[in-house]
Amino acid sequence: VAVINDLLYVTNQDNYQITTINITRRSEVSNNFPQVDTPRGIASDGLSRVYVCSKGQNGVQVFDASGN
């Protein structure tokens, strides 16, 4: 689980995706990370970057809060 401002990022290993939830609005945001294969872990930093550890890519990918 990772948090940036009002967004909560959760790895969903069963569906091979990252679920983004807007905590303030209590609503799910679409999967903004389609290029991640088999996500296993997720973290964020103070610069609004999201770090995703994926089994499929054997490493860590770095994204901005929008998934770019």
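View 1. Buried here means under 20% relative accessible area, exposed over 50% and partly exposed in between, using a 1.4 Å probe on protein chains only. Strands are DSSP runs of E with at least two residues, numbered from the N terminus. Keep in mind that this is a predicted model: local features need pLDDT of at least 70, side-chain atom pairs count only at pLDDT 80 or more, and totals for chains, interfaces and linings use all residues. Residues are numbered from 1 along each chain as its sequence is written, and side-chain values use heavy atoms, with hydrogens and water left out.

View 2. Strand β1 (residues 2–4) runs antiparallel to β2, and three bridges join them; two strands count as paired if DSSP finds at least two bridges between them. Ala2 has Tyr9 of β2 as its bridge partner. Two residues sit between the strands, and Asn5 in the turn has a positive phi of about 50 degrees.

**View 3. The hairpin of β2 and β3.** Here β2 pairs with β3 (residues 17–22) in the antiparallel sense, over six bridges. This time four residues lie between the strands, and Tyr16 in the turn has a positive phi of about 55 degrees. Across the pair, Val10 stands opposite Thr19 in β3.

**View 4. A closer look at Thr19.** Thr19 belongs to strand β3, and it counts as buried because its relative accessibility is 12%. Leaving aside residues up to four places away in sequence, Thr19 touches Leu8, Tyr9, Val10, Asn12 and Glu28, a contact being heavy atoms within 4.5 Å.

**View 5. The open sheet β5-β6-β7.** Three strands line up in that order with antiparallel pairing. The edges are β5 (39–44) and β7 (59–64), each pairing on one side only. From one strand to the next the twist averages 25 degrees, with axes fitted to C-alpha atoms and angles running from 0 to 180 degrees between N-to-C directions. Six bridges join β6 (residues 49–54) to β7, and Cys53 stands opposite Val60 in β7.

**View 6. The largest nonpolar core.** This core has 11 residues, among them Ala2, Tyr9, Phe33, Val52 and Phe63. A nonpolar core is a set of buried Ala, Val, Leu, Ile, Met, Phe, Trp, Tyr and Cys residues joined through side-chain atoms within 4.5 Å. The elements giving two or more residues to this core are β1, β2 and β6.
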